[in-house]
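This report concerns strand pairing, charge pairing and backbone geometry. The sequence and coordinates are shown first, and the discussion follows.

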Amino acid sequence: MKKAWWKESVVYQIYPRSFCDSNGDGIGDLKGITGKLDYLQKLGINVIWMSPVYKSPNDDNGYDIADYQAIMDEFGTMEDFDELLLEAHQRGIRIVMDLVVNHTSDEHAWFMESRSSKDNDKRDYYIWRDAKDGKEPNNWGSCFSGSAWEWDETTRMYYLHCFSKKQPDLNWDNPEVRDKVFEMMTWWCEKGIDGFRMDVISMISKPAGLPDAPIAEGALYADCMVTCNGPHVHEYLQEMNRRVLSKYDIMTVGETAGVTIEEAKKYANSDGTELNMVFQFEHVGLDGGLADKWKKDKISLPALKENLTKWQKELADVAWNSIFFCNHDQPRVVSRLGDDSPVSAKCIATMLHMMQGTPYVYQGEELGMTNCPFGPIENYRDIESINAYHELTEAGLRQPEELLECIAYKSRDNARTPMQWDDSENAGFSTGKPWIMVNPNYREINVEKELADEDSVFYFYQKLISLRRRSQWSDVIVYGDYELLLPEDEAVFAYTRKLGEQKLLVLCNLSDKDVTVALPEGAAGEVKAILITNTAEAPELAEKVKMTKWQCAVYEV
């Protein structure tokens, strides 16, 4: 196993709009992040990944970029960014930028030129097609509802947008586009950033000929995920690696929706010819989220164990895992797998953080922040949730009340409510009116309260992070082999980690019931140390182990 700093790191994702507002306009900003670096240093993380901070009209909260080399006005200035980078580096914290290059904003200079005329020299920077039988060029749907094609009256052709119509897809088959993207990435690397998280990077190479795709039952369009893992994606990423990534000591992670194990082995290969690791989404789609997001199904624990184990085992020694449950696109895991309680938040964290791979903590996850009771659709800000509500109810495919319950459970806005700093008005996030509602439970769940309580979720995360980064067990936690125990058990997630003479046993009762579980022969052995537990005492290892609801513990055996 090749060692690397990014394998031994713990990453903290910040959604800048919702993290901390320094100037009272209700929107988080760069100065707000800089002012909270001491808090993040106390938590123990050593990498920050920030969602996009570039100039943007904010149709999709910054994932629609109008200028890759300028800062969004609401977030501050490039000087503010430089200060953040400097202050983070002084604390031993690296900064990873969100790279969004599958598409730009329709307000980007490239697209404004591209749409101006058919013979413009940037026309081929984007994907334009004539109408087919007076309609869209194919049956692909946008990830944000409706067709993936938008008619443009100026040149009387359609352009492709796999997301919002204000997010036209770049044409990566054009070498000039790749040149421009690589120049921009080099500019950021020269500025001193420490890596890139690459948004929907598996979608940059479209299928040859852009053919129609199957339409799922109950859907109006084909799934735009048909564009994932296209014919030239690895070729283009290898070119990116040769021309930019390999020249710097940086961390790269690709968001690769639709990725298979075999594809992931290419994206995140240990030879280092493409990316360091990928985000795969199979485990967070086990409740129907990959085929039909708007459900209230719960994730089955045996299915979760099977899926996570598949990725642990099959990438071992050939690629690297990123491990996560929460991000800006996922509802809060403590509301999804747990019961909103601190003890369940700790149990879920233990189960994840003891696996092999680089862990990602999403802002507020370390507090046990929960889903938010938004109420009517008017309280939502997420374009995906709003569009789905109107499209599905107006087409008569879903009843408004029933769909709203599913949106409340699954909406991305659950992750985007303001960070809960204290119990003052607006949770200490802003002195102005926040851009999105604050979760009303901020008086019970907030940083100030948790820092004063040594039994809080915050201090539990701090200990998990310290175990991985600065303990006698760091190597076995980061690099050790993984073996699943009790694959069919409906309540307990149990596994071992082994490296040399060290062996860890991880037990997590991911249920709201007390259970008794029989470990396989030889799994326990003599307890040398208890690394962490979320109750007053760890369960006693015996032939049959008794565990209270949501109880977890990690043993050296």
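Two strands count as paired if DSSP finds at least two bridges between them. The model under discussion is a predicted one.

## Sheets

On this basis, strand β2 (residues 47–50) and strand β5 (residues 94–99) pair in the parallel sense, with four bridges between them. Within this pairing, Trp 49 stands opposite Val 96 in β5. Both strands belong to an open sheet of eight strands, in the order β11-β10-β9-β5-β2-β1-β13-β12, and the pairing is parallel. The edges are held by β11 and β12 (322–323), each with a single partner strand, so one side of each has no neighbour in the sheet.

An open sheet of three strands has antiparallel pairing and the order β6-β8-β7. Its edge strands, β6 (128–129) and β7 (149–152), each pair on one side only. Four bridges connect β7 with strand β8 (residues 157–160) in the antiparallel sense. Among the residues involved, Trp 149 has Leu 160 in β8 as its bridge partner.

A further antiparallel pair is formed by strand β14 (residues 481–485) and strand β15 (residues 492–499), joined by five bridges. Here Leu 485 has Ala 494 in β15 as its bridge partner. The hairpin of β14 and β15 has six residues between the strands, and Leu 486 takes a positive phi near 50° there.

In general, strands of a sheet pair through backbone hydrogen bonds, in either the parallel or the antiparallel sense.

## Positive phi in loops

Most residues other than glycine have a negative phi. Against that background, which value does phi of Asn 61 take? Phi of Asn 61 is near 45°, a positive value in a residue other than glycine. Asn 61 is located in the loop between β3 and β4. With a relative accessible area of 13%, Asn 61 is buried, because the limit for this class is under 20%.

Val 200 is likewise not a glycine and has a positive phi of about 30°. Its place is the loop between β9 (195–198) and α6. The relative accessible area of Val 200 is 7%, and the residue is therefore buried.

## Salt bridges

Side chains of opposite charge can pair when their charged atoms come close. The model contains 38 salt bridges, counted with a cut-off of 4 Å from a side-chain nitrogen of Lys or Arg to a carboxyl oxygen of Asp or Glu.

| Salt bridge | N to O distance |
|---|---|
| Asp 73 and Lys 55 | 3.1 Å |
| Arg 243 and Asp 179 | 2.9 Å |
| Lys 310 and Glu 282 | 2.8 Å |

In the salt bridge of Asp 73 with Lys 55, Asp 73 is in the loop between β4 (67–71) and α3 (78–90) and Lys 55 in strand β3 (residues 54–55), so the contact ties together parts that are 18 residues apart in sequence. Asp 73 counts as exposed at 63% relative accessibility, whereas Lys 55 is partly exposed at 32%.

The salt bridge of Arg 243 with Asp 179 ties together parts that are 64 residues apart in sequence, because Arg 243 lies in helix α6 (residues 233–243) and Asp 179 in helix α5. Arg 243 is partly exposed, with a relative accessible area of 34%, and Asp 179 is also partly exposed, with 29%.

In the salt bridge of Lys 310 with Glu 282, Lys 310 lies in helix α8 (residues 301–315) and Glu 282 in the loop between β11 (277–279) and α8, so this pair ties together parts that are 28 residues apart in sequence. Lys 310 counts as partly exposed at 30% relative accessibility.

Beyond individual pairs, salt bridges that share partners join Asp 60, Lys 293, Asp 329, Asp 382, Glu 384, Arg 412 and Arg 416 into one network.

Glu 176 counts as partly exposed, with 42% relative accessibility.

Terms used. Residues are numbered from 1 along each chain as its sequence is written. This is a predicted model: local features need pLDDT of at least 70, side-chain atom pairs count only at pLDDT 80 or more; totals for chains, interfaces and linings use all residues. Side-chain values use heavy atoms; hydrogens and water are left out. Buried means under 20% relative accessible area, exposed over 50%, partly exposed in between (1.4 Å probe, protein chains only). Helices (H or I, at least four residues) and strands (E, at least two) are DSSP runs, numbered from the N terminus.
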